[in-house]
Amino acid sequence: MNERKVTILAVCTALLVPAPRALAAQLVSTLQAGSYTVSDGVLPESMLRLAPDFHFDLPHASITARGSAFVSEQQVQVADGIVSGTFTSPTVYGVRAEMIGNASRAVDDRSLGTDQVDVQTRIHVLFHQRGGMWFGGGVARPWRVAVVSSADIAAAGIWTTLAGATVTATFTNFSFTKTAAGDTVAAASVSCAAPSDGACERQSHFGDLEGVLHWEGGPLELDAQTGYRFGNAYDVTPDSRRWSSATATIWLNDRIAVVGGGGRQPALPLRGLPARSFGMAGLELAYSPSSRSAVPVSFPRTVLVKSFELHAAPQGMEKIVIRVGGVETVDVMGDFSDWSPLTLVRRGRDLWELSMPLSPGMHQITVRTDGGPWMAPPGMPTMHDSYGGDVGLLVIDNRSNQ
Amino acid sequence: MTPFRRFRRTAAALVGGGALVALPAFGATAQDPDPLSRLDANSRFAIELIIDSANTAGLPTRPLMSKVLEGFSHKADGRRITAVVRTEFGYLKTAHATLGGVSEEELAAAAAVLEAGAKPSQLAAFRVRQKGRSDLEAFTDWADLLTRGVPRDDASSAITKLWQDGADDATFHNLWRSVQTDILQGLNPGTALQNRVRETPGGPATRKVTPPEGQQENQSSR
């Protein structure tokens, strides 16, 4: 085993002994490592794939940084990284807005690195407990690829839940100005809008129709996707016309999972990433793995909260700790918040926390997941409230508040 | 259309979208300096009168305002909120008359017990207490037992007996946890309490009561 692989394995092993949760603030990190086989005709086989993933979550915003690097015997072959910021509005009458910004860089040892910045806005319409749809658009600006203009992106999607699985269908259209060499133009018989020096610029566009399936049951997660790319032969290479892939993840505990899967991923022309076929079996080591829901924005549904705990926190604060899996948001509300929702921060796959001051006395508290109905938390005394619901009764005595 | 113009057009659309995203969020986080302003005039007048009455009687007004805000969170109308606040005022007044000068927190907890179904006279045993002893846990567990369908007199006598025997918070909490576990497993709420209170330190040590056949269903009112 060469030195680079040993280094990667050492990093992975180090993550098995993570720092105390308190030191991680709101960071979530995921690290994947495994033995991968990638074949696009150039890359060698049997490589390691390193995929760090960091999240910083706020109630209505999140920042994500993730990347992946395929490492061969000697060096990094392909690496790409992306930093994303997402801002979501509160849900009003089932409508929610989302704004996404991405900045990414891809490095391929066969060519120069490429960069891209893109911004998208989406409007989501949520159908209570059943599904939803969204539509939106944006603009992407790539550099150092054979695209000379910003690219317009228009997208729409619809999702629903079937037998515990979330099924999503999306259509995304890309249109941009592309540079083509003279011989390519002649071979493809395409029109040339601005010919110069043996090359020309022409309008290109293609559309991706994709279906995604996500299912979670106990420690098992299944993800599958399939897609078709519309466009003429000039804009869509044969290896990116159709694709499908599937991944299975089995969580051994909160931090370690076995991952296996395979399939084909299409090329991403705006990011300069080639189409890839892959088959992989690996280990996912996660400090605090985030949910991999196929639905990008939360929807109202009823999920049972597994546990509710209250711990003393520094500076006279109390920390609410809730365990519930498979959700995007968890809120609490009570007399202590003037009956306004407070959103908890995800600390793990099914772990949510919120620190706040709680005065001594009896407090009424309710909890909800994904904007669903308010419920009394489990494991505490309960009573009917004055408005037809149930509330939990939380006792804070003077000793616990000191 | 040139790339630059297309970029400008798209950027303008995104700025508009961003504003659409941001405005509701700012609105959601803004604090309302006068929550009562969200009520209709009649309801506001009625609730202000109740709050004035509470002040005059030396009762805390925070529980009353909390009921108003809770009503907003449930999207209740003004009349409903007014009725709830008036009822809560009644509970606070009764609890104050029964318990005497106790803290605001204890008064609110006692009001919750009354709201759950206890009789005012059943609170009387809590008027006398050792210095520094809190009845919050006892009241909380009591309210839960009543909500789960334990007969009012059974719940009252069990909680009162433990209180008079000097039971601490952990004893009350353990009793509640055991009873609610039994109820969730299908035992009759009254029977569950009787069984568990005998096992509790200070309770009478007699034979465990077994419900007759066909009585295993949870008869909780929940």
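Trainee: In the hairpin of β23(A) and β24(A), which residue in the turn has a positive phi?

Mentor: This is a predicted model, in which local features need pLDDT of at least 70, side-chain atom pairs count only at pLDDT 80 or more, and totals for chains, interfaces and linings use all residues. Residues are numbered from 1 along each chain as its sequence is written, and chains are lettered from A and ligands numbered from 1 in the order in which they are written. The two strands (DSSP runs of E, at least two residues, numbered from the N terminus) have five residues between them. The turn residue with a positive phi, of about 95 degrees, is G388(A).

Trainee: Which residue of β24(A) is the bridge partner of I365(A)?

Mentor: Strands pair if DSSP finds at least two bridges between them; β22(A) and β24(A) do so in the antiparallel sense over five bridges. β23(A) also pairs with β24(A) in the antiparallel sense, over three bridges, and there T382(A) has G392(A) as its partner. For I365(A), the partner is G392(A).

Trainee: How is α8(B) oriented to α9(B), oblique or roughly parallel?

Mentor: Helices α8 (residues 169-184) and α9 (residues 189-199) of chain B pack with their axes 9 Å apart, at an angle of about 140 degrees. Angles under 35 degrees count as roughly parallel, over 145 as roughly antiparallel, 65 to 115 as roughly perpendicular and the rest as oblique. The angle therefore makes α8(B), relative to α9(B), oblique.

Methods. Helix = DSSP H or I, 4+ residues; strand = E, 2+ residues; numbered from the N terminus. Axes fitted to C-alpha atoms, helices over the stretch in contact; angles between N-to-C directions.
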